[in-house]
Number of protein chains: 2
Amino acid sequence: MGCNQLEAMLKKKNAVLVDGVVLNGQTIDSKAREQFFEKAFRMIIEEAVCKATDVTEKVCEWQPPEKLKKLLDLELRDSGEPHQTLLQLCQSVIHYSVKTGHPRFFNQLYAGMDHYSLVARFITEALNPSVYTYEVSPVFLLVEEATLKKMIEFIGWKEGDGIFSPGGSISNMYATNLARYKCCPDVKERGLSGVQRLVMFTSEESHYSMKKAAAFLGIGTQNVYFVKVDDRGKMIPEELEEQIQRAKQEGAKPFLVCATAGTTVLGAFDPLDKLADICEHHGLWFHVDASWGGAALLSKKHCKLLKGIHRADSVAWNPHKMLMAGIQCCALLVKDNTDLLKRCHSAGAKYLFQQDRCYDVRYDTGDKSIQCSRRADAFKFWLMWKALGTRGLEERVDQALALSRYLVAEIKKREGFQLIMEPEYANVCFWYIPPSLRNMEQDQEFWQKLHRVAPEIKERMMKKGSMMLGYQPHQGKVNFFRQIVISSQVRREDMDFLLDEIDLLGKDL
Amino acid sequence: MGCNQLEAMLKKKNAVLVDGVVLNGQTIDSKAREQFFEKAFRMIIEEAVCKATDVTEKVCEWQPPEKLKKLLDLELRDSGEPHQTLLQLCQSVIHYSVKTGHPRFFNQLYAGMDHYSLVARFITEALNPSVYTYEVSPVFLLVEEATLKKMIEFIGWKEGDGIFSPGGSISNMYATNLARYKCCPDVKERGLSGVQRLVMFTSEESHYSMKKAAAFLGIGTQNVYFVKVDDRGKMIPEELEEQIQRAKQEGAKPFLVCATAGTTVLGAFDPLDKLADICEHHGLWFHVDASWGGAALLSKKHCKLLKGIHRADSVAWNPHKMLMAGIQCCALLVKDNTDLLKRCHSAGAKYLFQQDRCYDVRYDTGDKSIQCSRRADAFKFWLMWKALGTRGLEERVDQALALSRYLVAEIKKREGFQLIMEPEYANVCFWYIPPSLRNMEQDQEFWQKLHRVAPEIKERMMKKGSMMLGYQPHQGKVNFFRQIVISSQVRREDMDFLLDEIDLLGKDL
């Protein structure tokens, strides 16, 4: 700052110079910032809401990393950029981003855009709460409590506890830690060193986060015993029983069974009732990872997929997936009603969780959590639920699954498409066999060639920007497409388009 | 749905009935939702942005939990609510929420509202990205890379790696896991059972998340050796050396020292250079929890507080605190350049991280993370940095610290206010001694009475809604106020107000 400027500022009423900084009240130009804010909002609505969900627009504007770096001005500099430049920058950011709310984004276990959730998310971003104490987050803590209570009702528990966490993976880690604490409470203080080897069980088809949980929590990935699945991807109860016996014979201590309700690739549901029997028999914590499949609990037609879930000790359920609450919205629910979550995770920080407060401090959630500051993720789900009602959410699930059934029927009708298996849920897995391979013998060469088809079509669809769906090799099968139907913006015509487009992009392969 | 309705819907062009669900294209009333969205946005701007940051408005509208439950209609029902009801509900949510962006919210280590960050947050909420693969998050992955690179530059490393995580606590857990992996790579696969007892070191004044990390990661809270601090709250290097010797004598294996740059209560900075010497000597991982103090790195005047930070192996730094990037924005930075983050945290999920993609898959970050889906938290910090430039961020830090110095000077001038200690950073800790106690002998009765002053004043200020600041007992001292200055909206006058108001609220105690 030049001397003249400094002098001019000091002349202002009440100005004070401290440490070379002039303190004279509001120093930022709020008017200009508000105008920028207004313009930016218009642009967001147009580009990131309207165009981004318009089926006639592209799903993505593909650029390879090195080229995209040149197209964006990523560098952070000493001086700020003018508002006009910032607006253009924001526009480019939106332009080159994948439109996950687009009706033809079928790539992940989340998709679509819910306007109610979006309103709630704007509110929490503006208010910037952290949900650890009632003192600073009164409304959002009560909203979380009400939402958890309702989710617990759908699981079928009479009571319970829970917490919203930053992702299904972390919910699974919470469950693993709770199971360990229940089994060996001393570990919290004394650690695992010197403790009998602990073993947890989950299916071969379970989410990779169970392996990450074992690594992170010091249990070790070798102590995750993967249980075989049947040809539909469901855990085989007899195999679980055998693995538990093996662990016991080895002198290890089994402590946790994680079942999956809606596997990542095939959308398979483990037989919860039978697994619960085994857990009860051996006194093991029964966790259900329903991150993806939990949504079906809201549908009278499809909730049978999760039959037996009420027997779980804990459940992970991500409303940001099929229910479209927006990333991230993930609940870890616990049947226990003896404050296990708190006892397992508390650190008793006096500076934050004072006991001499003017309200009932049992509302404070900080001691349940492994986080300190925590986002108010329940609110967006709660507002959406308020807006749509249980019936509206149920329709969303029923529609997604009906669309999947429709797609399956179409796949069966069309030449060159081959279903991997009849789906139970919204994962439709299939091969596209281009004309050049259709009359080939299904020998090694055939499978090698077919393996390269999906990646090639994926590359073409991304470069065209017409749609996005995933592919992967899986359990000895060469690359196949995994189509996920979620969005309530998706129409029947989009299913037809999907198959037409794959054929169009791949028929010359 | 009644039969007539069903029939009417089926008559529409192309309608198909699947599983009792009519699939005939767009089924939601987008127009009405867009109108709701527009109205809601107006309300958000007015209530949650403008009024919420207006110094003439209340900071909070205090209600006890049971009463607030009645004031809000929290219950989730079968049917959805009409738009008008939803708007009123949103208005109530905002009304009863604490305004953390208000210039007189001094309660936590975050505060204020940055318009640029808010624009960025609206963009990411609308686009709903998950930053695990370049395929679905091309822009946000590159933005994260550029932001981490710049933060690494300010730490003073030539190169490095990093990841944005959901909170400083989880960043500290990452650091603990990296340190453990570096020291005993087998633990990832084999677990801690049968491994020599591991011990980590941190100061008595460190954040409680180190204890949570030890519990969660299976190390055990007893294996966190707390190192004594000096009267300013800084870790005493000689005490660290002694604790390391003790652990070794006990036959345990030291693996990690966590220093704090900006402690939670006092804002103290550990002597990094001296601690780095000790870590180097013993071959221990040196982590610096600069979640709160990291912001000072951007100030030429104050970066000396973190002298020696370039010698750290890892750093946690939360731009959502003093830099106002919005909760959550937390980076874990790692000096290693041999892909340690990835090796330590990978689970190698083939369905998500295919190697046969049409781009360089080294851009995919999923294997660095303990999460699966992950929010694009770097973007809001990046856009803010773009808008303000390094100099703008520097001014923000310099202004907050100058305001703190001003407050300290005022406290010294005023009767009845007693500084706990001269602050180094933005934590100003002090007692307010009401007139009735001023001439008392400082005996047990005095301290007992003083202990009750801060909670009482806090209750009164919350019920009045005039401001919010924290208090706590600490290291044998009875309840004192902890004033945190962050926001660039805070004026010198707000500091004067703060002291006047405490006096006003407490003079009759």
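Visitor: Through which surface do the copies meet?
Guide: The copies meet through the same surface, because 100% of the interface residues of chain B are also interface residues in chain A. This is a predicted model, where local features need pLDDT of at least 70, side-chain atom pairs count only at pLDDT 80 or more, and totals for chains, interfaces and linings use all residues. Residues are numbered from 1 along each chain as its sequence is written, chains are lettered from A and ligands numbered from 1 in the order in which they are written, and side-chain values use heavy atoms, with hydrogens and water left out.

Visitor: OK, and how many residues does the contact take from each chain?
Guide: Chain A gives 177 residues and chain B gives 177 residues. Contact here means heavy atoms within 4.5 Å.

Visitor: What area is buried between them?
Guide: About 15,700 Å² between chain B and chain A, with carbon and sulfur atoms giving 62% of it. Buried area is the accessible area (1.4 Å probe) that two parts lose on being put together, summed over both.

Visitor: Which three residues supply more of chain B's share than any other three?
Guide: Phe37(B), Leu76(B) and Phe216(B), which supply 6% of the area that chain B buries against chain A.

Visitor: Which helix gives the largest share of chain B's side?
Guide: Helix 13 (residues 378-413) of chain B, with 18 residues. Helices (H or I, at least four residues) and strands (E, at least two) are DSSP runs, numbered from the N terminus.

Visitor: Switching topic: how many salt bridges are there over all chains?
Guide: The structure holds 83. One of them joins the side chains of Arg311(A) and Glu280(A), at 3.2 Å from N to O. Those two are 31 residues apart: Arg311(A) sits in the loop between strand 8 (285-289) and strand 9 (314-317) of chain A, and Glu280(A) in helix 11 (residues 272-282) of chain A.

Visitor: Where is there a cis peptide bond?
Guide: From Ile327(A) to Gln328(A), with omega near 0°. Gln328(A) is in the loop between strand 9 and strand 10 (330-334) of chain A. In chain B, a cis bond joins Ile327(B) and Gln328(B).

Visitor: And what is phi of Met324(B)?
Guide: Near 65°, a positive value in a residue other than glycine. Met324(B) is in the loop between strand 9 and strand 10 of chain B. Most residues other than glycine have a negative phi, and most peptide bonds are trans.

Definitions and conventions
A salt bridge is a side-chain nitrogen of Lys or Arg within 4 Å of a carboxyl oxygen of Asp or Glu.
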